[in-house]
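I opened the notebook to look up ring contacts and strand pairing. Entries follow.

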Amino acid sequence: MDKFTNHAGLSRRSFLKGAAVAGAAMAGTAALAGCTSGASATGSAGSGEWLPTTWDYECDVLIIGYGGAGMWASLVAADEGGSEVLILEKAPIEGGGNSRINNGEWTVVADPERFKAYCKAFSHGLMEDTMIDAYVEEAARHTEYADKYGMNYEVAEKALAGTIPEYHFLDDNAYGGCIKISSVEGFGMQTYRELDAQRESLGVQVLFDCHDEKLIQNPETKEIVGCRTMIGDEEKTVKARKGVILTTGGFEFNEDLHREYLKCYPWHFEGWRYNTGDGIKMVEEVGAKLWHMSMVISMSSMYTRDPENDFGVDAYLPTNSYFYVNRLGKRYVNEAANGETPHNGWHVYTQFNDEIDDYDRIPTWVVFDETNFTSGKIGVSQGDFFECGNMTSQLPDELRDWDGWSEDNMVELEKGWITKADTIEELAEKMQEWDHWMDAETLKATFDDYQAICEAGADPKFERDPETLQKLDGGPYYCYTLYPGSCSTLGGPKKNEHAQVVDVRGEVIPRLYSAGSFGNFQAHSYGITGGNNSENMVWGRIAGRHASTLENWDAEKK
């Protein structure tokens, strides 16, 4: 049976007067009060007043989004703050977000003062000192909290992607070693299981299949007092006595927001398909200022070009007999070094060509040969070392988008993810079916030039390492497309050092917070290795802690 309280039949005035008493009566229980089946869930007080007459659910702290940031906010608000916490999650079961399906690494602060200086350096002054100070001071406690909540990790000097931090070489290599990284053997899936168990032990409830939320704002005080949400096809009201924390993630799967805010287009991401930017509209409706909307953590992904599998995929060719071309059929980069800045490799795709009035490197075509195709699988399969992302076997069927790459590449060839042709000219014709700008003569000339470069053992224009210059064989030939968009977008509402969302004048919107990739504090470029998970930890904890200190908005005034 539900442990919900029925507020039906109370007048608005009686409800407000009695709310503090009702809240006190519920203290010490894990109940989240709501209406019984006979009560109205969606009505508003008479004459179009803003406050619902009844509430389906009540809590102290409401968290919208159950990824890494939502998880950390819930733990701290419930554990340290003693708050009743309710989480609304869009996924039909479990949740977890991108932090569940990434590699699990998070930042370990080794030298706080040099780390602060590094943040100022890589952001070119776009990150405020108060935000840097708050971030670094809280991040310095990561291992303390990881130990407290039983997380399994080791501290490492290098990330899976290489040297840390990303731009350690700035100011005459002044920042090498200012941070380290956690190494998590089971990646984000392991951390999710560990912390989800802690959440459950604290009695924090998660409601699934929640979507289309609208914040409820007091028009006079501008306080956020709760939200309306659809759970399945039913609208419900949720009261948040202390505050609302938005941890809705990025907008990786929202084409309109890509077009409006990102620095190039199109993009195809690999991650959590429920990240559709729902929080952006929510905060705009209550007057929030947006920031860092063009920020992305991303390299590139092989795009499937498959409507039934509309996402990006990690792809790695097993041999060096390949080259990249832009939309016009021309090489433009040292392919062996492309993306060596692991979380900012997308920058190379921002080249705009006025001759075609578009970005001429999106897509980039990867051209390779039969030797490459038959030398091993091109993508990641379940059971591989780097089994993470939207295909991991540890996701339930309802959340897993696909089952990983085939061992012989044939499934992907049959699906059209890889294109095959007997000659380079025929391959160009098939490319034109996807992008009419491809020029067959130019592609053939590029192929001939690449073959000659390999024979000479030198690449004077792009300086590709001679050891990686391998001629393509006599065919057949293959290709697939690369697009920017591997990890996540980072834009969202601007917040202050307490994780409070601010409006366009820089004033706090009372009782509203954000954390995680929904308004990541990094600016100019993504410079903090392990920064996405660290962002979840820092601002999730700060938000949960601060919101729990607030007096209930419906408390009886003396």
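I began with Phe187: at 6% relative accessibility it counts as buried, since buried means under 20% relative accessible area, exposed over 50% and partly exposed in between (1.4 Å probe, protein chains only). Phe385, at 65% relative accessibility, counts as exposed.

I noted the ground rules. This is a predicted model, where local features need pLDDT of at least 70, side-chain atom pairs count only at pLDDT 80 or more, and totals for chains, interfaces and linings use all residues. Residues are numbered from 1 along each chain as its sequence is written, and side-chain values use heavy atoms, without hydrogens and water.

I searched the whole structure for aromatic pairs and got 31. Rings of Phe, Tyr and Trp (its six-membered ring) pair if their centres lie within 6.5 Å; planes under 30 degrees apart count as stacked, over 60 as edge-to-face, the rest as tilted. Phe187 and Phe385 have ring centres 5.7 Å apart and planes at 75°, so I logged them as edge-to-face. Phe187 lies in helix α8, Phe385 in the loop between α11 and α12, 198 residues apart. Helices (H or I, at least four residues) and strands (E, at least two) are DSSP runs, numbered from the N terminus.

I looked next at Trp267 and Trp346. Their pair is tilted, 5.3 Å centre to centre with 55° between the planes. The two are 79 residues apart, each in a loop. Both are buried.

I also checked charges over rings (NZ of Lys or CZ of Arg within 6 Å of the ring centre and within 35 degrees of the ring normal). Arg100 lies over the face of Tyr192, 4.0 Å from the ring centre.
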